Structure formats: structure tokens, C-alpha cells
Protein chains: 2
Amino acid sequence: MPLGELGADGRALLFTEARSANKFTDTPVSEGQLRDIYELFHYAPTQSNTNPLRILFVQSREQRERLLPHMSDGNRDKTSTAPATAVLAADLAFHEFIPQLFPTRAHARDRYEGDPELRERHSRFNAAMQIGYFVLAVRAVGLAAGPMAGFDAAGVDAEFFASSTWRSLLVVNIGEPAEGAWFPERLPRLEFDQAARIV
Amino acid sequence: MPLGELGADGRALLFTEARSANKFTDTPVSEGQLRDIYELFHYAPTQSNTNPLRILFVQSREQRERLLPHMSDGNRDKTSTAPATAVLAADLAFHEFIPQLFPTRAHARDRYEGDPELRERHSRFNAAMQIGYFVLAVRAVGLAAGPMAGFDAAGVDAEFFASSTWRSLLVVNIGEPAEGAWFPERLPRLEFDQAARIV
């Protein structure tokens, strides 16, 4: 059974014309939009349906002020003025949800319980994959994403996740792009033959 | 400047109705379709534009036979009959491409050169994020993806990447879904309030 294809507008919006934004208008991002992003990306697949990605959406001024000192110098100003910012994290205790997420394999919980190293590797890999879905879901709801790896992860974890099993991986600003949100020229990518082989 | 939103058909195709496929028709996947997948996902962002994901697309019978012994028992039959299979890998030597990918920060190459542990962490995290883009790009070109973590990564690396810096992360079958490609009921996901907080 043939499936449909994504049309030219959708390809442009999510992939070919989309850019990472560094500057946003002051149009607010609503809770409804944040829930729409979640609704979309959370269906995409993870290993054994474990879904280890967690999201702290930072919107209030007060909470944003707690985040800013942990951002690298080049990322602080834009994070200060973004309408919404997502701190994306891996849950090292993702296995506690296995009985809910995969009832017929509920026993897998115990294997992860006894192996913290496996839990850490599994949660970071699968949460990273989900971050890929997340970035494209932000674009799907009509907003621009500005992903940033330049921040002090240990500092963010101590500030926001001290009493939890969440560990920050990436911070993403979210909003409507302002004039000059990105450089005119996109950086180059690898050619197909540099990154892929068909055998 | 407001951006467009992805329409209902696109949301269904990529996110809300899409399923991981376990069974494919014998309709071939063309080289053109594999290149279309690459064309779409390769624009999506990575940290410092390093783009560490590599793809070995396995199509020929001969190469597929080399892959099958390394798949877990539950994944072997479907991988044997899938029209195309992608072995997704992180390139531990991704930093060699930095002068091409980020010319004004070409010197970053040297920092990675001297820190193999950083290279490994960076490449695995960013390649995993790109796998998220990849899975949605497969769906965007009208094909179904069947991601599989159940395989012997060390075995695959020894078989295909012995003389290279690629390290396998995930194997994904690709094709047109056959009747019964997935179970009728999708496994549950976490509710918004289980995985996200707004502050």
C-alpha cells in the first residue's frame, strides 16, 4: 500500500528552507503551541518505545533568569529574549515507565534497573533521536527553533534538576523569527557521496 | 515574520498516523529515493554544523547477506526481505570535515583531533539527533521506516567498517509497507505532564 509524499511546501517548511533562528519577534508562544509540539513529536519511534526525552519549557521571566547564567556568552542574549525556551533532557529513570509504555514487556524494567551504565547510554541515545523529531515538530507548528549546545549542562542540571533524574542535553529557543534571524547564507553540508554509500 | 504551518496531511504522514513497519512489499526502493531522503534530512541542524551521521544503504542481495547474521533473531527475517536497509553510523573522524563545513571556524578541527573522548560523545549525540531527522525524511518521501536497535553493533562494524571510522548506531529498513506491516494498536506514549513541564 503506497503512502503519500510530503508536498513541496511541507518539505520547504521542515527541511529545505528551514533555518536555525538566533533572533525572535516578541510574539508570545502559547501553551497550546507547546502542547502541539509535544503532540506531534511524541508519536515518533524510540527503542522499545521507552521515550526517554523530557522537556522543561521555560517561559516566565523569573525562571528564564535562572537559566541565563548557565548559557555560553554567545547564547545568553538570544535566550534572554526568546519567547519560549526548551531545556531538553534525558531521563535516566526512563525505565520506570516501561510497564506503562510496553505492558507486554514490563519485565524489561528490571534489566535496566540493575544496569545504570546501560540506562545512561540508552536514555541519551534515544533522547537525542527524539530531539531530532522535536526540532522538526517545532517547525511543523509554524515556529522557528534555535538549538544551542553551548551551555553548562552540569550547571543547568544543578539549577533545575537537582532532585530529579533528568539530565540536560540541548537548549532550544522557540518563537517567530525576527528580521535577521539567520545569516543570509546557510553553511555548507556534506555531499551525498561524502556521507553515504549504496552497496 | 510568521512562518507557515504543516497541514493535516503532512502531520499525519510524518507524525500522527505514521508507524514503524515490520513488513514490506517487494516494490523496489530506487537510488533516487535514497538520494531524496538524504537531500531532505541533511539540511537539519547539528552542533557547529558537524553533520557526523553516515549511512550505508544496503540494497544488493550479496551485501544484505553480510548484514543478516548480525541482526537479532527477531529482526533477521524482516531485514532479509526489506527493499532497502540503512545502517546508520556516527563518524568518529567527523572533525576532518570541519574546514569544509564551517570555514570560519576551521581551527575547531584541532580541538577535536586531540580529544577522542569528546569526538566520540559529540559524534554519537549529533548523529543520533540526525537519525531523528532521517526517520522523518524517509516518511516525507512516501516510504515507511522500520528502525531496529536489535543487532550486534560490534559485528556490523567489523563486517562493514573495519577500515573506517564509522560506528553503527541503528539499522533502519525502508520500503513500501505491506499488509500487516504493523500491529493494529500503537503502543501508548507518555502524557504531556509525564514528560514535560512549563515554568
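Why is strand E3 (residues 144–148) of chain B largely enclosed by the rest of the structure? Four of its five residues are buried, so the rest of the structure largely encloses it; buried here means under 20% relative accessible area, exposed means over 50%, and partly exposed lies in between (1.4 Å probe, protein chains only). E3(B) runs antiparallel to strand E4 (residues 166–175) of chain B, joined by five bridges, and Gly146(B) stands opposite Asn173(B) in E4(B). Strands pair if DSSP finds at least two bridges between them. Strands (E, at least two residues) and helices (H or I, at least four) are DSSP runs, numbered from the N terminus.

A word on the ground rules: this is a predicted model, where local features need pLDDT of at least 70 and side-chain atom pairs count only at pLDDT 80 or more, while totals for chains, interfaces and linings use all residues. Residues are numbered from 1 along each chain as its sequence is written, chains are lettered from A and ligands numbered from 1 in the order in which they are written, and side-chain values use heavy atoms, leaving out hydrogens and water.

Now for the interface. Chain A puts 81 residues in contact with 81 residues of chain B, contact being heavy atoms within 4.5 Å. Together the chains bury about 7400 Å², with 68% of that on carbon and sulfur atoms; this is the accessible area (1.4 Å probe) that two parts lose on being put together, summed over both. On the chain A side, Met1(A), Arg189(A) and Val199(A) lose the most area to chain B, together 10% of what that side buries.

The rule finds two salt bridges across this interface, meaning a side-chain nitrogen of Lys or Arg within 4 Å of a carboxyl oxygen of Asp or Glu. One of them links Asp193(A) and Arg35(B) at 3.5 Å, N to O. Helix H7 (residues 116–140) of chain A gives the most to the side that touches chain B, with eleven residues.

Leu56(A) has Arg197(B) as its bridge partner.

Ser48(A) is in the loop between helix H2 (31–41) and E1 of chain A.
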